[in-house]
Amino acid sequence: MEYTREQLLEAKRQIDSTLHKLRATIQTFEAKEDARRYKSQITLAKRRVEAFTIAKELIDRELDRL
């Protein structure tokens, strides 16, 4: 499927916003007194950060091709 430059830039902007929120969430959970209690949420958030980072890199590659 073909995407316009504007669509890719907007997707990248949304991913950046989500990454910022996820990283803040991770910091919040890790700062809790009993962080072990939030281990599954921390793991999920870290996996999402990794997935969104990959998506962002793929968008960057596509933008470079345009």
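Student: Is Tyr3 buried, partly exposed or exposed, and what relative accessibility does Tyr3 have?

Tutor: Tyr3 counts as partly exposed, because its relative accessibility is 43%, where buried means under 20% relative accessible area, exposed over 50%, and partly exposed in between, with a 1.4 Å probe and protein chains only. This is a predicted model, in which local features need pLDDT of at least 70 and side-chain atom pairs count only at pLDDT 80 or more, while totals for chains, interfaces and linings use all residues. Residues are numbered from 1 along each chain as its sequence is written, and side-chain values use heavy atoms, with hydrogens and water left out.

Student: Where is the place of Tyr3 in the chain?

Tutor: Tyr3 lies in the segment before α1, the helix of residues 5-31; helices are DSSP runs of H or I with at least four residues, numbered from the N terminus.

Student: And what separates the C-alpha atoms of Tyr3 and Leu66?

Tutor: Their C-alpha atoms are 10.0 Å apart, although Tyr3 and Leu66 are separated by 63 residues along the chain.

Student: Changing topic, how many salt bridges does the structure hold?

Tutor: There are six salt bridges in the structure, each defined as a side-chain nitrogen of Lys or Arg within 4 Å of a carboxyl oxygen of Asp or Glu. One of them joins the side chains of Asp16 and Lys56, at 2.7 Å from N to O. That pair links distant parts of the chain, with Asp16 in helix α1 and Lys56 in helix α2 (residues 39-65), 40 residues apart.

Student: Why would such side chains pair at all?

Tutor: Side chains of opposite charge can pair when their charged atoms come close.

Student: What are the relative accessibility values of Asp16 and Lys56?

Tutor: Asp16 is partly exposed, with a relative accessible area of 31%, and Lys56 also counts as partly exposed, at 24%.

Student: What about Glu30 and Lys46, which meet in a salt bridge?

Tutor: The side chains of Glu30 and Lys46 meet at 3.2 Å, N to O. This pair, too, links distant parts of the chain, since Glu30 belongs to helix α1 and Lys46 to helix α2, 16 residues apart. Glu30 is partly exposed at 40%, and Lys46 is partly exposed at 44%.

Student: And how are Arg65 and Glu62 placed in helix α2?

Tutor: Arg65 and Glu62 are separated by about one helical turn, because they are three residues apart in helix α2, and their side chains meet in a salt bridge of 3.4 Å, N to O. Arg65 counts as exposed at 66% relative accessibility, whereas Glu62 is partly exposed, with a relative accessible area of 24%.

Definitions and conventions:
Helices (H or I, at least four residues) and strands (E, at least two) are DSSP runs, numbered from the N terminus.
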